[in-house]
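Try each task with the structure in view before you read its solution.

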Amino acid sequence: MTPLGNEQAAAAARSFAQVALTRIIISPYTRALQTAEPILAVHPVPVDIMHEVRERTAFVCDVGSDPQVLATRFPHHEFTHLPAAMVAGGH
């Protein structure tokens, strides 16, 4: 993420600080996972990473990463349930 994106994610985490979250659903896109990190630091709740929850594939940066790559980058999350075809066309 850009420095601005990091600032915005931190601001989102602060805005959710007093909210009683019980679960967070995240798309498997790296940017979404990075955005969720500050929120999860405040709210250590169960996380569902769902490939059905995502942006439309319109730009190069919207193509997802292979689940094994995501598991290396974000070892505290579970990615084995994601289809390996995440790389091709953002499936």
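**Exercise 1. Find the residues that Leu 70 touches, leaving aside its neighbours within four places in sequence.**

Solution. Keep in mind that this is a predicted model.
- Step 1: Count two residues as in contact when they have heavy atoms within 4.5 Å.
- Step 2: Set aside the neighbours within four places in sequence; Leu 70 is then in contact with Pro 28, Thr 30, Leu 33, Ser 65, Phe 79 and Leu 82.
- Step 3: Look for Leu 70 in the largest nonpolar core, where Leu 70 is among the residues with the most contacts, together with Ile 24, Ile 26, Leu 33, Leu 40 and Phe 79.
- Step 4: This core has 13 residues. Both β1 (24–26) and α2 supply at least two of its residues, and α2 gives the most, with four residues.

**Exercise 2. Describe the order of the helices and strands in the protein.**

Solution. 
- Step 1: Count the elements: there are three helices and two strands.
- Step 2: Read from the N terminus on, and the order is α-β-α-β-α.

**Exercise 3. Work out how helix α1 and helix α2 pack.**

Solution. 
- Step 1: Locate α1 at residues 3–15 and α2 at residues 30–42.
- Step 2: List who makes the contact: Ala 9, Ala 10, Ala 12 and Ala 13 come from α1, while Thr 35, Pro 38 and Ile 39 come from α2.
- Step 3: Sort the residues of this contact by class, which gives six nonpolar, one polar and no charged residues.

**Exercise 4. Is Ala 17 buried, partly exposed or exposed?**

Solution. 
- Step 1: Find Ala 17 in the loop between α1 and β1.
- Step 2: Recall that buried means under 20% relative accessible area and exposed means over 50%.
- Step 3: Ala 17 has 31% relative accessibility, so Ala 17 counts as partly exposed.
- Step 4: Check its surroundings. Not counting residues up to four places away in sequence, Ala 17 touches Val 42 and His 43.

**Exercise 5. Where is Met 50, and which residues is it in contact with?**

Solution. 
- Step 1: Go to the loop between β2 (47–49) and α3 (67–73), where Met 50 is found.
- Step 2: Met 50 counts as partly exposed because its relative accessibility is 30%.
- Step 3: Leave aside neighbours within four places in sequence, and the contacts of Met 50 are Ile 25, Ile 26, Ser 27 and Pro 28.
- Step 4: From Met 50 to Ile 26, C-alpha to C-alpha, is 6.2 Å, although they are 24 residues apart in sequence.

Terms used: Residues numbered from 1 in each chain as written. Predicted model: local features only at pLDDT ≥ 70, side-chain atom pairs only at ≥ 80, totals over all residues. Heavy atoms only, no water. Axes fitted to C-alpha atoms, helices over the stretch in contact; angles between N-to-C directions. Nonpolar A, V, L, I, M, F, W, Y, C, P; charged D, E, K, R; others polar. Core = buried A, V, L, I, M, F, W, Y, C linked by side-chain atoms within 4.5 Å. Buried < 20%, exposed > 50% of the residue type's maximum accessible area, 1.4 Å probe, protein only.
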